[in-house]
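Take a look at the model below. This report covers some aromatic rings and a pair of packed helices.

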Amino acid sequence: MTNIKKLEAELWESADLLRQGSKLTSSQYCMPVLALLFLRYAYSRFKMVEAEILQNRPSRGGRVMPVEPSDFAAKSALYLPREAQYDYLVNLPENIADAGLKTKDGQDINSLGEAVNYAMQLVESQSEQLTGILPKSYTIFADDLLSDLLRIFNNKTIDEVGGDVIGRIYEYFLSKFAKAVASDDGVFFTPKSLVKMLVNVLEPTSGIMLDPACGSGGMFVQTGDFVNHAGMNANTQMTFYGQEKVEYNAQLCLMNMAVHGLNGKIVSGDEANSFYHDAYNLEGKCDYVMANPPFNVDKVKSESAWAAGRLPFGLPGINAKSKEIGNANYLWISYFYAYLNDHGRAGFVMASSATDSANKDRDIREKLVRTGDVDVMMSVGNNFFYTLSLPCSLWFFDKAKRAENRDKVLFIDARNYYTVVDRTLNEWTEWQLRNLQAIVHLYRGEKGKYQSLIRDYIEVLDNVSASLTPERLEEVIKTGEREFSTRFTAILEQEKKQAKEAIATAARKEKKQVEAEWKETIEHWEDLVETARQFEWLTEKFGEGEYKDVLGLCKIATIQEIEGKNYSLTPGAYVGVAEAEDDGVDFHERMNEIHAELKRLNEEANVLMGEILKGWEEVK
């Protein structure tokens, strides 16, 4: 089976090498490259739908009737004229100027850049949602560079893997560009694990969803994935609305949605400034609101914001002289609440400081808590963003909480629960996301969903393909929490030992292949060890599925308890601090070892400095 992660990395490395060899900045390169990925997606879907249409196509005079745009519209697919099809562009002759190519208006096409620009125009003519969105700046590319880019994305493996692989590649590229491309108004990309956490807790099924700070559209994409994975059709179940002030980001959003087969309405520019406009008049009408708004925005005009409405708890603090709001965090929080209908749910990312900020913010927070609609509060640790290292919090509202939870809030402190990707980035793995979601399920009394997760764990760890019996399920939870990680760790160490020996004894010309094969084997066992550890993390705390407060992790607090803490919504104030585990190391003994090592290093440094000075004197 093709390793999709490997494919993503290889495609990115190839594309980025081309950028490094050109004179283009990441900002110049980002949009055109993502649009080529979109075009590659559109072509793959076009060919697939075309094959479906031709299966039962009538014929006249022995000739099958040609496909038409209306045939594709009936299947929610984009029709591509020949000049906009990916294989046409890839196979254009090297000397475009001598090929005699023309647009439908009779204009000459003299370069590959002009041919791709024309292809983008043709695509836009087939889609109202994409009109004016796709870049037409491909003449900034040298023809040889653009030709190489087209060939990189013509990788046949993409079609072999199928499914939503291009959507995944698009998201991967978007995340890589997010590290290099800064938009004027902040981050345009919310890391996938944060978005998935929001979607997992909200569990959208159908209705109106709004993201009033939609950036590149990650909230829509993950919601679509969630709904489709549940066996429904996101485009028929959901209606997506977005506001994004920065036009560049809105273009990324519309392409991102298109590459995932989603329809939506996105407005950009001044009318999309959520502080002053409810662009779709959605106050009180949304089933779901999701967002990662810019934090700590200042200088918002208070009179204009008040006139724009959606402030059920009043305005935050105002500078009386300038009549400006100094920190807009509670404007966003108020908006997210105001947009919900009487059974709506909201989930959003917010600066950690907002959970216990003072003065007017505190007053708004009190009113908000007293509604009973604050559902879950979650603290997130450092390094979850590509361009920021600060911690954040996830807020969740639910206007249709079950009766038992009306006067309660679930607090989760996940600051110490994550996986390190590299020195500057952390994330939640799929199992970690599901473990945190499981705590919410138990808080909501949804024990069956917890047990479904346990079943999924066991099917992976126990290599069970048939249905698990209730007896086996109970046996593993009660007696086998550590069975898997102990067994898999032992196997992993044995595999590493065998790999070392096999690579050392392999013939020189076979060494790379042997290394690759063993690497794949070792990664498989490492994944199983990590899965086993996550299984243990969950079952040690919640067993067969009974919620309990866990020191340092989670606590259900009543509104009375929250009042007692001056309406703070900081999870750490409620869950407490877990006791540090004894690692078996004698503190004083270890400190003596460290001091001895430091002394030795200092002595070596002094000797080295003496040699450097001696050498310098000789040079002089």
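## A tilted pair

Trp525 is buried in this predicted model. Its relative accessible area is 18%, and the cut-off for buried is under 20%. Phe488 also counts as buried, at 3% relative accessibility.

Phe488 and Trp525 form an aromatic pair. Their ring centres are 5.7 Å apart, and the planes make an angle of 55 degrees, so the pair is tilted. Phe488 lies in helix H19 (residues 483-505) and Trp525 in helix H20 (residues 511-542). The pair therefore ties together parts that are 37 residues apart in sequence.

## Other aromatic rings

The count comes to 31 aromatic pairs. One of them joins Trp12 and Phe177. This pair is edge-to-face, with 5.1 Å centre to centre and 85 degrees between the planes. Trp12 sits in helix H1 (residues 4-21) and Phe177 in helix H8 (residues 165-178). The pair links distant parts of the chain, 165 residues apart. Trp12 is buried at 13% relative accessibility, and Phe177 is buried at 1%.

Some rings gather in a cluster. Among its members are Phe275, Tyr276, Trp332 and Phe397.

## Two packed helices

How do H9 and H10 pack, and at what angle? Helix H9 (residues 192-202) and helix H10 (residues 218-229) pack at about 55 degrees, with axes 9 Å apart. That angle makes H9 oblique to H10. The crossing is right-handed.

In H9, the residues in contact include Val195, Leu198 and Val199. In H10, they include Met219 and Phe226. By class, the contact has 5 nonpolar, 4 polar and 2 charged residues.

Notes. Residues are numbered from 1 along each chain as its sequence is written. This is a predicted model: local features need pLDDT of at least 70, side-chain atom pairs count only at pLDDT 80 or more; totals for chains, interfaces and linings use all residues. Side-chain values use heavy atoms; hydrogens and water are left out. Axes are lines fitted to C-alpha atoms, for helices over the stretch in contact, and angles run from 0 to 180 degrees between N-to-C directions. Helices (H or I, at least four residues) and strands (E, at least two) are DSSP runs, numbered from the N terminus. Angles under 35 degrees count as roughly parallel, over 145 as roughly antiparallel, 65 to 115 as roughly perpendicular and the rest as oblique. A crossing is left-handed if the near helix is turned anticlockwise from the far one by less than a right angle, and right-handed if clockwise. Contact means heavy atoms within 4.5 Å. Ala, Val, Leu, Ile, Met, Phe, Trp, Tyr, Cys and Pro count as nonpolar, Asp, Glu, Lys and Arg as charged, and the others, Gly among them, as polar. Rings of Phe, Tyr and Trp (its six-membered ring) pair if their centres lie within 6.5 Å; planes under 30 degrees apart count as stacked, over 60 as edge-to-face and the rest as tilted. Buried means under 20% relative accessible area, exposed over 50%, partly exposed in between (1.4 Å probe, protein chains only).
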